[in-house]
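Dear colleague,

I am passing on a structure that is new to you, with notes on what was found in it. Please look through the sequence and the model first, and then read on.

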Amino acid sequence: MTTARAERAVDRAWPLLVVLGAGLFLVAVDATVLHVALPDLVRQLRPGAAAQVWIVAIYPLTAAPLLLPFGTLGDRYGRRRVLVGGYVVFGVASLGCAFAPNVPILLGFRALLGCGGAMIMPVTMSLLRELFPEQRHRRTAIAVCSGIAGTGSVFGPILGGVLVETWGWRATFLLNPPVILAAVALALRWLPRSPPGRRPWDALSAALAAGGVLGIAFAIGHPGSWLSAVASGVIGSVLIGLFLRRQRRTDPPLLDLTLFRLPGVRAAVGGVLLVMSTLVGLGLLFAQYLQVVLGLSPTAAAARLLLVLGASAVGSVATPSLLGRFGNARVRTAGFAVAAVSLLVPAAGSATLTSPVLLGAGLTGLGLGMALALTSSTDTLLSATSADQAGGAAAVEKTGYELGAGFGTTVFGSLAAAVYAGHLAVPAGVPEAARRLALSGPAQAEAAAAGLSPRLAGEVLDAARAACTAGLQVSAAVACGLFLVAALASGKNGY
């Protein structure tokens, strides 16, 4: 292809980012949209503590094991076909969630929503490899889509806050179907048909990979007994081991394992895991803190998180030129370092969390650092493979994305809950039933205080706010330490 023809092809490809970005944005939003909407959902459907965790976590934990099968399926049978199918599943599941009459049905449709997301995400990113073969243009397209995915996760609570205050939690799912209908129509009209790949699709390898990731995801996200979590982790690890063994003996493999021997690939996967676990996990805790401790409305709490959204958007725009000048490894290391420094603000506790200026600076730096790390990591993975194998690389990246989201929700949520319960000083005279309810979480402490005398209610709420602050502080300190270690390791390895 001549240079002039290549440039014309790229010019025609840029409008396609509207179609790809719309679906990717909705998939990212739905990972976090319930963070602010959860209290309203709890008041209506009354799920238990474990069910509340599953309502949020089942979406990423369902998507994670299906990403590699669907990503490689797009390589084999056509990416447009899988993408449009994913849009349809996602739209139907959104309607089901919006009109779910009880918790079990909501959980079922949230799981189906994860299936639709698993069809959309890896195919969207692999299409970038196909539509933008030149690295300079591809880096810009990756930055746009990574920015959309990252800001979508942050925008979820903002959108949830606005919709909940206006129409209630069900409205958070009713936004999806109209956008999905438009995306399907535009995809069928604009997206080129991908020719079927020549490589056979290994269904057994896909099943082993899905089962292995599901077991590990369940072990990470399971809010129940540790014994079942360990058993799930062992089963998942065995299945992953069988998958890896089959990839070494099958020609051609479903996933080319030489990908992980390339410089920077393993660091990039770790970067995606770390960024998404922190972004989603701490996002939930920040949304809770702003409402419970600072007393902000859902909309006002969501507006504070716009700082992360804006900084992430700026970082995504600036990253392509930084990658061209400094390289992926240095930009990723810089992103880790900026995020680590920014997390010192919430890690310092109430002295800095209650300062609008300091909290704003911390949220802004966090969004910027995560954008640098996420975009450079995605570019490393997609640039490491040929166009016909881009689905596998994109699936690896998005598996890290979804496992990180599930890991962040459950691990940071569990850590904050344990710190909260350990720090909650329930005053004497509070009935046992109210005490147990208050120990379940800061939102439940408000319900427990409703039936108490004004003096006891005030003391319970003050104790809950202090314990909630401690939970966020400890979680932020742990995340800060992880980013610091990642920055040091990335800088030492140099790739």
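**Notes on the structure**

L484 is partly exposed, with a relative accessible area of 46%, where partly exposed lies between buried, under 20% relative accessible area, and exposed, over 50%, with a 1.4 Å probe and protein chains only. The model is a predicted one, in which local features need pLDDT of at least 70, side-chain atom pairs count only at pLDDT 80 or more, and totals for chains, interfaces and linings use all residues. Residues are numbered from 1 along each chain as its sequence is written, and side-chain values use heavy atoms, with hydrogens and water left out.

Among contacts (heavy atoms within 4.5 Å) between residues at least 6 apart in sequence, 82% join residues at least 24 apart.

Helix 18 (residues 356–382) has 27 residues, which at 1.5 Å a residue should span 39 Å, and its end C-alpha atoms are 39 Å apart, in agreement; the expected span is 1.5 Å times one less than the number of residues. Because 21 of those 27 residues are buried, helix 18 is largely enclosed by the rest of the structure.

The axes of helix 12 (residues 265–292) and helix 18 come within 9 Å and cross at roughly 150 degrees, the axes being lines fitted to C-alpha atoms over the stretch in contact, with angles from 0 to 180 degrees between N-to-C directions. Helix 12 is therefore roughly antiparallel to helix 18, a term for angles over 145 degrees. The residues that make this contact include V265, A268 and V269 of helix 12 and L359, L363 and M370 of helix 18.

A second pair is helix 5 (residues 79–98) and helix 6 (residues 103–131), whose axes come within 8 Å and cross at roughly 155 degrees, so that these two helices are also roughly antiparallel to each other.

With best wishes

Key. Helix = DSSP H or I, 4+ residues; strand = E, 2+ residues; numbered from the N terminus. Parallel < 35°, antiparallel > 145°, perpendicular 65-115°, else oblique.
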